[in-house]
Every structure is written in C-alpha cells, then in structure tokens.
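Hi,

Here is the structure I promised to pass on. Please have a look, then read my notes below.

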Amino acid sequence: MVQDFTLHTHTAGFDGKNTVAEMAACARNMGFGAIGISNHFIVHPNIRSANFYPFAVRGGYAGIYQYNFPDILEKYHAHYDEINRVSMDMRMPILRGMEVDFFDTPHWRNGFEYAVKTLKPDYVIGACHFIEYKGKLCNVHDMAAADHKDMQRMLDAYWAKVRRAAQSGLFTFMAHLDLPKKVGLGMSDEWRATEYDTVSTLAHSGVGVEINTGLFTDTCYQPYPSPRIISMLARAGVPVVFSDDAHHTSQIGRSFNRAKLMCDVCGQNDYLSLQKILDFSKNTR
Ligand SMILES: [Zn+2]
Ligand SMILES: [Zn+2]
C-alpha cells in the first residue's frame with residue numbers, strides 16, 4: 001500500500017455525499033488504518049456577494065460558505081462531536097481536520113486562531129480557493145472568464161496568496177497547489193519562476209504539500225501539483241502526502257498508485273508520515 005491513511009475528505013452536511021461513518025467504514029474495508037475528515041472552513045464577510053455564490057445555492061452546497069465565525073464554530077463543534085462518536089463506536093482512528101481558506105486580514109486571523117483553540121483540530125490543511133481582486137472575491141472560474149491582463153494579475157495574486165498562507169504558520173500542509181489548472185490556467189512555462197518562488201517559500205516555512213489525486217482524469221493526466229512542481233518540491237526538500245480529496249466513498253484512495261509512480265519519476269521520496277502530521281499540530285498549538 002502506497003499510504004495507509006487519507007486526510008483530505010469531505011462529508012455530508014458540507015459538500016460531500018457520504019456520512020462520516022460511511023467514509024470511515026469504506027476506508028477500513030480498503031485497508032486504511034486511519035481516515036481524517038477535512039471539511040471546508042471558509043469564512044469571509046463578503047462571501048454571499050461573490051459571483052460563485054448563486055451557483056453554490058443552486059448546487060445545494062452554499063452551506064460551506066460562512067460569513068461569520070460564530071456560525072461556523074457552532075457547525076464545527078457538532079461535526080467534531082459526531083466524528084468523536086463514530087470513532088469510538090467503530091474503534092477506528094477518525095481524525096478531525098479542516099480544509100481552511102486562508103484570508104490575509106487581522107480579523108480573519110483572530111477568528112481562525114480562536115477557532116483552532118476551541119475546536120482543537122488534529123491537523124489543518126491550507127487552501128486558496130479564492131483571491132480578492134478589484135474588491136471582489138473571485139475563484140478560478142472568475143479567472144478563466146477574465147481578459148488576458150486581468151487573468152495574469154489574478155494568477156499572480158493567487159500565487160502570492162499561497163506564499164503568504166505558507167508563511168502564516170497556521171497549516172500542516174497545503175492543498176492543491178496549482179489549483180488554477182482546474183480551468184487550464186497557469187500551466188505554461190512562463191509560470192515556472194513564480195512556482196519556483198513559491199516552492200522556496202514553502203521550503204523555508206517548513207510546510208508540507210499534498211499530492212492531490214482529484215484531477216487524475218482522462219483529460220488531465222496529472223495530480224495537483226504538476227510534475228514540474230513536484231520536481232521542484234523534491235529538490236527543495238519539501239515533504240508530500242497523498243490526498244484523494246474524496247467527496248464520496250468511491251473516491252477514497254483514488255489514483256494513489258499512479259501518483260506514487262509520478263513522484264518516483266520526479267525524484268520525490270520525502271513523505272509525511274501520519275505521526276509527523278499529528279506531531280506538527282501538537283507542537284504548534
Ligand atoms: Zn479544495
Ligand atoms: Zn477538498
């Protein structure tokens with residue numbers, strides 16, 4: 001087995017399809033020793049005026065977008081209680097994680113630090129699904145719809161935000177590093193230097209990176225991040241962990257073997273163990 005745990009997963013009540021118990025049972029049947037649940041932790045005061053919000057309402061997942069901290073804390077306390085209950089019932093380690101959108105304001109940082117103090121997550125995945133551009137909260141689809149000049153600036157803003165997230169000291173490892181690839185952006189050679197800067201920042205900050213297999217499809221035969229970035233991570237000594245980003249039981253552990261082969265080719269052989277990930281969280285809080 002390439003890796004006998006999985007930490008980047010989503011469940012019902014957020015934007016996943018299955019319950020915590022169903023995800024854990026499936027992981028156990030597949031031979032995993034532990035599973036971590038990392039639902040979205042997204043708080044931004046203007047989130048409901050973003051272009052993507054109406055799509056989320058229609059899609060039935062708007063509940064993952066919160067505009068204040070008390071609401072998300074209440075939701076997360078109940079969610080973590082459920083995880084603890086299921087973990088005890090099943091006698092299986094089910095870890096309490098979160099996939100957190102980093103926002104670079106004192107208000108957000110205070111709110112998030114308080115959330116960590118009270119919720120005590122086992123690990124925290126850093127993510128940048130959004131950038132603030134010209135006063136609006138934008139995602140990768142907004143980037144794809146922009147004209148060339150704005151698109152380039154938005155991509156620059158994206159990578160700058162990833163670097164600040166890495167430097168924040170708040171995250172155990174970073175999610176889907178080259179996320180704009182989802183809509184085909186940022187893949188050309190001109191982004192190599194920006195990626196290199198970002199990898200250097202990650203190395204200096206001591207943050208790991210996930211190899212997210214959610215993108216291994218017939219049309220995009222690579223994970224997040226790209227082989228180009230995986231090679232840079234290997235040379236810079238940044239450790240990695242495999243993530244399936246499972247929103248359904250059928251996606252647990254998807255393409256881990258293929259991702260391992262790609263890491264071998266790229267010279268990446270520094271893997272975060274589960275113990276290392278849990279120790280990181282204990283040592284920083
Ligand atoms: Zn994500
Ligand atoms: Zn995710």
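E99 is buried, with a relative accessible area of 1%. H8 is buried too, at 0%. (Buried means under 20% relative accessible area, with a 1.4 Å probe and protein chains only.)

Some ground rules. This is a predicted model, where local features need pLDDT of at least 70, side-chain atom pairs count only at pLDDT 80 or more, and totals for chains, interfaces and linings use all residues. Residues are numbered from 1 along each chain as its sequence is written, chains are lettered from A and ligands numbered from 1 in the order in which they are written, and side-chain values use heavy atoms, leaving out hydrogens and water.

Now the metal. H8 (NE2), H10 (NE2), E99 (OE) and D245 (OD) coordinate the zinc ion (ligand 2) at 2.1 to 2.3 Å. (Donors are N, O and S atoms within 2.8 Å of the metal, or 3.2 Å for Na, K and Ca; water is not among the atoms, so sites may look incomplete.) Along the chain, the donor spacing is H-x1-H-x88-E-x145-D. The zinc ion (ligand 1) lies 3.4 Å from the zinc ion (ligand 2), and E99 coordinates both. H8 sits in the loop between β1 (5–6) and α1 (20–29) and E99 in strand β6, so the pair ties together parts 91 residues apart in sequence.

Then the sheet. It is open, with 7 strands in the order β4-β3-β6-β7-β10-β11-β12 and parallel pairing. (Strands are DSSP E runs of at least two residues, and helices H or I runs of at least four, numbered from the N terminus; two strands pair if DSSP finds at least two bridges between them.) β4 (65–66) and β12 (240–243) stand at the edges with a single partner strand each, so one side of each has no neighbour in the sheet.

Best wishes

Note on methods: Buried < 20%, exposed > 50% of the residue type's maximum accessible area, 1.4 Å probe, protein only.
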